[in-house]
Amino acid sequence: MKIAAHTLGCKLNYAETSDLLRQLGEEGNTIVEWGSVADLYIVNTCTVTAVAEKKCRNAIRQAHRLNPNAQIVVMGCFAQVATEEISKMPGVTQVLGNDSKRLLSYSGEDRTRIFFKIQDGCDYFCTYCAIPYARGRSRSATIEETLCAARRIADSGAKEVVLTGVNTGTFGQHQGESFLNLLEGLDQLEGILRYRISSIEPNLLTDDIIDFVAHSRAFLPHFHIPLQAGSDHVLQLMHRRYDTALYRSKLERIKAVMPDACIAADVMAGFNGENEEEFRKVLSFIDSLPISYLHVFTYSDRPGTAALKLGEKIPIPVRHEHTARLLELSEKKHQEFIDSQLGKTRPVLWESTPHSNNQTIKQSSNHQLIQGWTDNYIRVARPYDPSLANTIEPITLSTSNIVKESL
């Protein structure tokens, strides 16, 4: 069969889709690009916002238009919570929830960097979030099983692995193991030169984990730490398990032992209770932190969540205004971080895919570029040289080789 897949949402979904396509390819099927005519379309869905759900519906309709006779399989979080609605859409032949996915999976379409799913589900039940209903309770394989899968990744030749999950810091908690123990085991594996932790809750990011990353062989100085709100009042309404003081202490600890670390944060704009007074606190708090950039999301009501019944509702136009102002702050923080790195030499892992010349790079437009990421997550480029692909090279950062992009 010819099979095409479309993935929406988080890196976890991308790892799961890639793992599934690899299996289907090994069984003799032909994997084609999304937008091509195929016999089977797979849509891996997301339910984190109303916009995400709309994109899922559009992808299903697109598949049906491309080939009305094709099978369409819909999987993932939106499929889990809206099975009946999706099953009635034209062309849909099967709807699979998250219980049909494998616990351990990893992407494999790029030999440079691989996303490795090590954990699934969440026990936190934040008031705005439908993910625990879509993915179930927190669960993970054992350290031994996870290391076995990591060895297969090492054998593939990939040099960098990004650890993904819904709530990665809870790895091992239900079988008497710990996330730190997993990191220690992964660090000892030969072949994999770099690891990134895709996201970890601030209350689960212990000083021991921070200190381990600072002195480890392969874990990089790059942290993604969800904030969601820079107001203690809003954090309480969200039922988050920390306050702004704890969040600040984690970032200060990181910068104390890794001054050049890149720190990203998820922030939700326009949640209940985020009136102008609270939003000023949010902007002031984030601006005072050593954050490198933000991932900004606009709050939207999720059916069945506790947020529907609590707090002051923020008008949708105000939510979008808050989103825009946070994005402006993110650009400012990102530029400040880049400026702080100019003139420093960082190790860069070059990717295998050539890129067309980017106007933000002061290079001749007569050639293609090879791009890569520093250990602290700054994208850089140089004239294309295929021999550099999947190798690590020290590069002195300058305005002539940094690719400025929105993150």
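Two strands count as paired if DSSP finds at least two bridges between them. Keep that in mind while walking through this predicted model. Take strand 1, residues 2-7, and strand 3, residues 40-45. They pair in the parallel sense over five bridges. Within this pairing, His6 stands opposite Val43 in strand 3.

Helix 2, residues 50-66, packs on the sheet. It touches strand 1, strand 3, strand 4 (71-76) and strand 5. The direction of helix 2 makes about 175° with that of strand 3.

Five strands form an open sheet, in the order 2-1-3-4-5. The pairing is parallel. Its edge strands are strand 2 (30-31) and strand 5 (92-96), each of which pairs on one side only.

Next comes strand 10, residues 160-164. How many of its five residues are buried? Five of the five are, so this strand is mostly covered, with buried meaning under 20% relative accessible area. In a regular strand, side chains alternate between the two faces of the sheet. Here both faces of strand 10 are covered. Glu160, Val162 and Thr164 lie on one side, and Val161 and Leu163 on the other.

Strand 10 has partners too. Strand 7, residues 113-117, pairs with strand 10 in the parallel sense over five bridges. In that pairing, Phe116 has Leu163 as its bridge partner in strand 10. Strand 10 also pairs with strand 11, residues 194-197, in the parallel sense over four bridges. There, Leu163 has Ile197 as its bridge partner. From strand 10 the chain crosses through helix 7, residues 179-187, to strand 11. This β-α-β crossover is right-handed.

Ser105 sits in strand 6, residues 105-106. Is Ser105 buried or exposed? It counts as buried, because its relative accessibility is 2%.

Last, the cysteines. How many disulfides are there? The count comes to zero. A disulfide needs two cysteine sulfur atoms within 2.5 Å. The sulfur of Cys46 is 6.3 Å from the closest cysteine sulfur, in Cys56, so the two are too far apart for a bond. Cys46 is buried, with a relative accessible area of 9%. Cys148 counts as partly exposed, because its relative accessibility is 39%.

Key: Residues are numbered from 1 along each chain as its sequence is written. This is a predicted model: local features need pLDDT of at least 70, side-chain atom pairs count only at pLDDT 80 or more; totals for chains, interfaces and linings use all residues. Side-chain values use heavy atoms; hydrogens and water are left out. Buried means under 20% relative accessible area, exposed over 50%, partly exposed in between (1.4 Å probe, protein chains only). Helices (H or I, at least four residues) and strands (E, at least two) are DSSP runs, numbered from the N terminus. A crossover is right-handed if, with the strands pointing away from the viewer, the path from the first strand over the helix to the second runs clockwise. Contact means heavy atoms within 4.5 Å. Axes are lines fitted to C-alpha atoms, for helices over the stretch in contact, and angles run from 0 to 180 degrees between N-to-C directions.
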